[in-house]
Amino acid sequence: MTESRTRESLLRMKGITKRFPGVLANDHVDLELHEGEVLALLGENGAGKSTLMNVLCGLYRPDEGVITVRGDRVDIQSPRDSYDLGIGMVHQNFMLVETMTVAENVVLGLQGLAFQPELRRVKHRLEELGDQYGLKVDPDAYIWQLSVGEQQRVEILKLLYRDVDILILDEPTAVLTPQEVDDLVEVLRRVVREGKAAIFITHKLREVMLFSDRVTVLRGGKNVATRSTSETSPEELARLMVGREILFRLEKTTCEVGAPVLVVEDLEALNDKGLPALRGVSLTVRAGEIVGIAGVAGNGQRELAEVITGLRYAVGGDVHVGKTCITNCSPLRAIQAGVSHIPEDRVGMGLVGDMSVAENLALKAYRTSELSRGPVLFPRRMKTFAEDLIDGFDIATPGPGTQVKFLSGGNLQKAILARELKACKGLLVAVHPTRGLDVGATETVRELLLEQRDEGTAVLLISEDLDELLEVSDRIAVMFEGEIVGVVPTEEADIDAIGLMMAGEQPEEEGAAG
Amino acid sequence: MNVSLLTSLLSITLRAGTSLLYATIGEIYTERAGILNLGVEGMMMVGAVSAFAVGYHTESLVLAVVMALLAGTLLALVHAFLSISLRANQVVSGLTLTLFGTGLASFLGQRLGPGGSRLVGLVGPSLGRLPIPMLSDLPVVGSSFFDQDILTYGLYGLVPLAWWYLYKTRPGLYMRSVGENPQTADAMGIRVSVNRYLYTMLGGALAGLGGAHLSLAYTKGWTENITGGRGWIAVALVIFAMWDPLRAVIGAALFGGINAVQFRMQAAGTTIPAALLNMLPYVATILVLVIITWWENLRKRIGAPAALGVPYAREEKG
Amino acid sequence: MRIVFEKRQEVSHAIRVLVPVLSLVFALVFGAFLLLLSGVDPFAAYAAMAQGALGDVHAVAETLVKAIPLMLTGLGVAIAFRMLFWNIGAEGQLAMGGLAATWVALYASDPLPNWSVVPVAVVLGMLAGAVWAAIPAILRAYLNVNETITTLMMNYIAILLVSHMYHGPWRDPEGYGFPGTARFPEVAWLPRIYDRAHAGLFLAVIAAAILWFVLQRTKWGFELRIAGENPKAARYIGINIPRLIIKAMLVSGALCGLAGVCEVTGVMRRLQQGLTVGYGYTAIIVAWMSQLNPWGVLLVAFLLAALLVGGDQIQMAMGLPAAMGLVLQGALLFPMLGGSLFAEYRLRIVRSGPQEALLPQASLAKESES
């Protein structure tokens, strides 16, 4: 950490306000950034961090407010304007064209690009930059061939190639292994050394303490505090972020573990690109226990969930639920065997946006005698069924007839949970169930998972949030490159050891089961 | 097979495939930019009728061709406006364009003759063959490749140009990004809408040109259903060509060839019923599509531009 | 200054209804323009059209004649579109239905008991249409082949086949030079209600009712709607999409085939030119304009038929080209397509100020929608 001394103000945002239909995303927010510093923008999901940064890089137009760069007022109307001002952003969803090469992606939209682009010079410069900042990548590689960490490097190179002085990174570590996170810290250090500056958006307190010089906290669209990192603590930041004391531990009772419900043996499967995603995964989940799958996104977790729920073909191995073999059977068979699935892609897969809340809640139950007889469906029964679930799970909606796309994120997830838990007959597969939810909704979801487990359901929980896994699961299995590299009972879990396993290293200390 | 038959077949193949290739390359560009335009048939129709009408009344082939370009462009502009600015469903919009374009062409065909009469049956100026000196004396290749009309010659230049523009230039790079990932293109400062408008209109112009070739060179004159579904075959050929201008040539040649074979067989007085022969191109299209799609499912690498047919909107709360 | 589209909070029902109405107005205006170009007084023309289509019972009957095939093909296309299956093949499926019915009328009327000829023709016609639709459906369901093109190619094949049959093997030897089959025996005639309007009307209404019931009150209809709205979700909850596509297309093809049967046994009572006149393509407009709602299809089909019949009338009276009606149809759908955007988004004009602080924006949108 560099000593704090008065530095040049590089960027100042004053009174930024941005409204969307039904939401005040930014409420007169002020922000200041100095040369040579790394500023953390901290807040929960929905606090307005991404919106604020999108305003800065020209993707959104603020309804009110003024932006000043190096003392001059500026009007940023488009991404091109922000590039001209030396501002660039690495988004959470990478802005890369998969079917083009690294070099082609870097020159996309470049000012003064020749009519017939001479890529040789580009590649040379990319290699120079790579050496200077520690960002090595093959300029001729196609994006789809690169790992997520490498793709992020391309994003950063894009900015450096354009002489960007203010780099913004949106949740940069979400997809990185602990080692890659260290690399990123080093890159940022080198970058800000020469008078550039960086803002990174995060909701993880550990990163704020690790990376930043100063931190600005947003809550509910407002700037609630700015601190120098060395003068604050995670507890204070957490309180500012959330507005109340948060419990870091849920009440968890020990539970009687029953017979095996899910038995996966030597499972092999390919991913969407035809490369092996699962290389012989074996796992057992028993009734009344929650098994958490830890691992950086992209190591096979998604494919594992898809094979178990019948959405992906397995090229080898078996999946049994109870006594039924459901390997390579249709999703319908999996559902009939008692499998419930809370999908990663809530709106894209778990719900039908244009249909009503009642219809969405009935998506699993419409085949049962409760809501239908023979081919005929009973809308009135569906309505009552929905009303019960809405009450029971406290889903905020104008009514069962409202189209589900108008619900907020937390309520969407509650709706899915309500439906899946009601239909659950043995096994629940939950994939990133609290992603993007605020603290209140997250707590609710975790409590519901524990409740389900207490009632004897077997739960397979896949999550990128290690804290969540530690809090909720009984055992943690770590996945790396399509294999389970370690399974630990949560009580004995050592975070560092798990982190190492997530990165593919085997911890040497005792206590980490291999 | 003797030489003169081969030469004759080649010659007809080239001529028959010209209108198809123009339309196909136009649609390749449109789809590469991310817009699905199913109105090719309608655009070819208006191109054909307007070219013939203008040619008939002004005796100027240049004006006729210009009119065809204009007509196709205007029609494509409607589709572009609906699809890009109003984000309408592109499939339905394109279909409507075909219906409307076909109807409009029919309407004009009954109105644009001398004194408001029909155009059917009239004889107008046509594009003659322009044998290239020296080259047209070469065996086989000479009388087929180098003894064609000017629009066919135009393709000899257009195809490599289209390929070069797409892969080797900056605007081509930008266009591809717009079709693959408009969010990224937008974030990189590329104007998505402008690009899409441009290439949709270009597609329309080329389709119109294809239609002009039919009424000015191939069938010479105006009849109802002059295109006979070529616009649709062009859409299929885009898939067959895997959105690459060079491969489009193979597809157009294939269909030109089928037409040529039909021609020769009928001329030779075959016993195969005319209806069956006439079905050939359509059956072939289905087969070609099935084979290509099946093969692509196996390969999974080259496919449609990822954002094809999906309207792009920037100001969405994501 | 920029015009920005902002997603609405709730769907405005007022706009939903307003859009088809406005597009009708637009089409009439555009048509008036074309009429003026042709040297005709638009008001007189429209009045004549209305008179010709709806003026008296005979006119209404003629309108029904055109409306019934539009209703049936419209319903067929609507079912397919619900599944996002772009069935452009209604024309061909209609043709095959007519072909099958012709075969029954010419070759099966003798052996079969009299009362059964028409029902058999109906069944076989629907079957033929269903089979014709099943081919592209299977290709799409299992091989993911683009159905827009395959269904359209099947149209051309079917039309050529029909033409071949009545020009060749099935041609009436006493036809006096007109290509076409012999007149059907009376047992193969679909009963008529008034003038040429026939019992197909009842079939269309029944079909609409069944379709409505299936979509709103059955599991299968529920699954259909889900698969059309969100195929990923449909798979996730265990719906077998390929099988659903095929079932939906069998129904779609059957309905279009039924339209062909009615044309051939109710209107023309022979197979000749005039079967494939574009109903299958107009059906697309009908389906889209009625927002894929079965009752809407009946209404819109009738209105569109009135447009066509009225068009015919003034064509003869005022010497206008027959393609006028076709042009108007296209003109109808464009504003529909454009207008559908306004149901979901509203307009805002964004003013960008000078380098001073950005001004609060004036919102032009009506705040009154509920």
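**A guided tour of chains A, B and C**

Select chain A: of its 514 residues, 47% are buried, a residue being buried if 20 or more other C-beta atoms, placed from the backbone, lie within 10 Å of its own. This is a predicted model, in which local features need pLDDT of at least 70, side-chain atom pairs count only at pLDDT 80 or more, and totals for chains, interfaces and linings use all residues. Residues are numbered from 1 along each chain as its sequence is written, and chains are lettered from A and ligands numbered from 1 in the order in which they are written.

Colour chain A by secondary structure next: it has 17 helices and 22 strands. Both are DSSP runs numbered from the N terminus, helices being H or I with at least four residues and strands E with at least two.

In its contact with chain A, 17 residues come from chain B and 20 residues from chain A; two residues are in contact if their C-beta atoms, placed from the backbone, lie within 7 Å. On the side of chain B that touches chain A, helix 7 (170–180) and helix 8 (182–187) of chain B each supply at least two residues.

Finally, show chain C. Here 39 residues of chain B are in contact with 38 residues of chain C. Select helix 3 (61–85), helix 4 (90–109), helix 10 (230–240) and helix 12 (274–299) of chain B, the elements that give two or more residues to the side of chain B that touches chain C. Helix 12 of chain B gives the most to that side, with 12 residues.

How values were computed: A residue is buried if 20 or more other C-beta atoms lie within 10 Å of its own, exposed if 12 or fewer, and partly exposed in between; C-beta atoms are placed from the backbone.
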